[in-house]
Amino acid sequence: MAVDCKRAKKIPNYRIDAHTIAPIHPLGVKPSGNIYLHNNLKELDLSRKRQLGHLAALSEEILALALSFIDSPSDLVSLGHSSRVLYAYTYNEELWRKLYIDEFMRLEAKGGNVPNSSGYHPYGCRKWRGSWRKTLLKLDEEALIQVNDLVFSDFLYRPYQCSKIDYEYLFKRVIAFEENSSALRHTLNPEFGVERIKEADLTLETFERSYCSKPFILCGEGDEKRWPLWDLEYLVGRFGDINFRQEAVEWKLSYYANYSRNNNDESPLYLFDCSSEAIQTLKGEYMAPKIFTYDLFKAFEGQEINCRPDHRWLIVGKAGSGSTFHKDPNQTSAWNAGLTGKKLWMMLPPDVKPPGVSTDKEEEEVTSPVGVGEWVLSGYYNDAVKLAQEGKCQIAVTFPGECIYVPSGWWHTVINLTDSVALTENFVPAPILSKVLLFFKNKKKQISGFHLQDTVNAMKRFLSAHPMKSDSSPNYEVIENFLEKCRHHALNNEDCGLIDLDLEPPIFEFFVELVRESKYGKHTERALADMHELEVNAARQEARTNPPATKTSEAWTNLAAESGSNFSFGFSFEETA
Ligand SMILES: O=C(O)CCC(=O)C(=O)O
Ligand SMILES: [Fe+2]
């Protein structure tokens, strides 16, 4: 008991108290629970019915759904002008954001993927005015019609509440603790913190032997110039007129900066760019940590092959933006270097489900039902702290100049606690080759980032440049069959994962042969053997946790063996296990 108390004291308190966030909604909308403080519920019900007319028969969910089908700003504003309650429901930023983004996507689909230099302007909106509603209606001021004591709705209040979270304040204890660890270049929280190591102290050999499958943070040694000190203002100064991708939209960086400085979004648009003109310049202005450059996905590079999935991103986001829980694509590992700002990381091993996330068995569908703000306010963050105290989750804050390693297959979420700029790259260190191969072999539907035409071209060029070796013949055959099948289709260059054709590129077979022929060839046989072992272990584990509901009877097996290939019955000998 005494030992437990002492231990409990040693663990830093990373929990937060989210109950103090109660901003006043600009229209006076109150949280649902406040309705019980109203002194005349009958009168409230009557006014609501008067205000909504026939729409009062709808539940809030159905009303919201119906409003989301309105597909023009002028219709939405007209409906809002018919009563105060409808003004409040149509004021919801999510509706206006959707209107803008749907139109942007329509314009992009019509005009092709590469916007002209001025980009697309849904409904002629060339100026960001501080909210999606004001931008679409080209308003600098709004009437802000008040609905005090008339609208009690979590549905309307909650997103506003989330947009006003002061993350730096909410996580001040965690930040202070991590700041000390960062200054010492050593984690003061070995229980569930992420180990910090000086970049110069970690050799490739030690990384591959002992660090490849756990998170850690590489820190510098006071060298201010180790990483570029870019912030958004600096980038706007250099690339303000260049288009960058922010999730579904692509805007000039100067436009994104205006948006970023002034919006009420619950989940602000996150700039995640791998293809702007600027990134071509910027990629020459930093050096990845040396130990992360031994990267087996380089086998997909080179003039002759040139079909590597995108793997390098510039990330810019304001406080409150972030990445919801995910595993990185194609079972790759990643590094992420903070250039400005503070990022909160939560990382869980591959087989621990993150709080608030549900998946199907194969993890093809991942549902994070809420944005990061809602995730924090609903108590899931504190659930993650509890998991961390049980050794099932690691939590850290990274600061400028720190580079975190995200191991292959680990769940992770990131919350920008302040405005942030970061660089990230996905890569495949040698020890995870077997896991990537297993993924390519058995999770074909989840493979992403390979473009059909580029991949087909790469396969053709590879086959003509590399004569078959005896070990390669089954793989060559599969690739040749695929190429033959492609001859009967008109190919586009969509991501293979999005294509609905009966064409599944044999990425597993191709990758094996590419690695075999590359400078990483010495890893091939060992990785294939390890992959096989992983496969057998996974099958054993599956049999243990999910024994088949039926088993084939001995009689059936014997009969089948005796009758040879002509065996056929119109009934089954299956018995319940
Ligand atoms: O938001 C971030 O910085 C994390 C990015 C990330 O996890 C990713 O690129 O996969
Ligand atoms: Fe990630």
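Gly-119 is found in the loop that lies between helix 6 (93-111) and helix 7 (132-137). The model described here is a predicted one. Is Gly-119 buried, exposed or partly exposed? Gly-119 has 16 C-beta neighbours inside 10 Å, so this residue counts as partly exposed; a buried residue would need 20 or more, and an exposed one 12 or fewer. Leaving aside residues up to four places away in sequence, Gly-119 touches Asn-243, Glu-250, Trp-251 and Lys-252. Ile-242 is 123 residues from Gly-119 along the chain, yet the C-alpha atoms of the two are separated by 9.5 Å.

A second topic is a pair of helices. Two packed helices are described by the angle between their axes and the distance between the axes. The axes of helix 17 (residues 433-442) and helix 21 (residues 524-545) come within 8 Å and cross at roughly 60°. That angle is why helix 17 is oblique to helix 21. The crossing of these two helices is right-handed. Helix 17 makes the contact through residues including Leu-433 and Lys-435, and helix 21 through residues including Leu-528 and Asp-530.

The last topic is ligand 1. Among the residues that surround ligand 1 are Trp-313, Asp-328, Lys-343 and His-412. At least two residues of this shell come from each of strand 6 (312-317), strand 7 (322-326), strand 8 (333-340), strand 14 (411-416) and strand 15 (420-427).

Terms used
Residues are numbered from 1 along each chain as its sequence is written. Chains are lettered from A and ligands numbered from 1 in the order in which they are written. This is a predicted model: local features need pLDDT of at least 70, side-chain atom pairs count only at pLDDT 80 or more; totals for chains, interfaces and linings use all residues. A residue is near a molecule or strand if its C-beta atom, placed from the backbone, lies within 6 Å of it. Helices (H or I, at least four residues) and strands (E, at least two) are DSSP runs, numbered from the N terminus. Axes are lines fitted to C-alpha atoms, for helices over the stretch in contact, and angles run from 0 to 180 degrees between N-to-C directions. Angles under 35 degrees count as roughly parallel, over 145 as roughly antiparallel, 65 to 115 as roughly perpendicular and the rest as oblique. A crossing is left-handed if the near helix is turned anticlockwise from the far one by less than a right angle, and right-handed if clockwise. Two residues are in contact if their C-beta atoms, placed from the backbone, lie within 7 Å.
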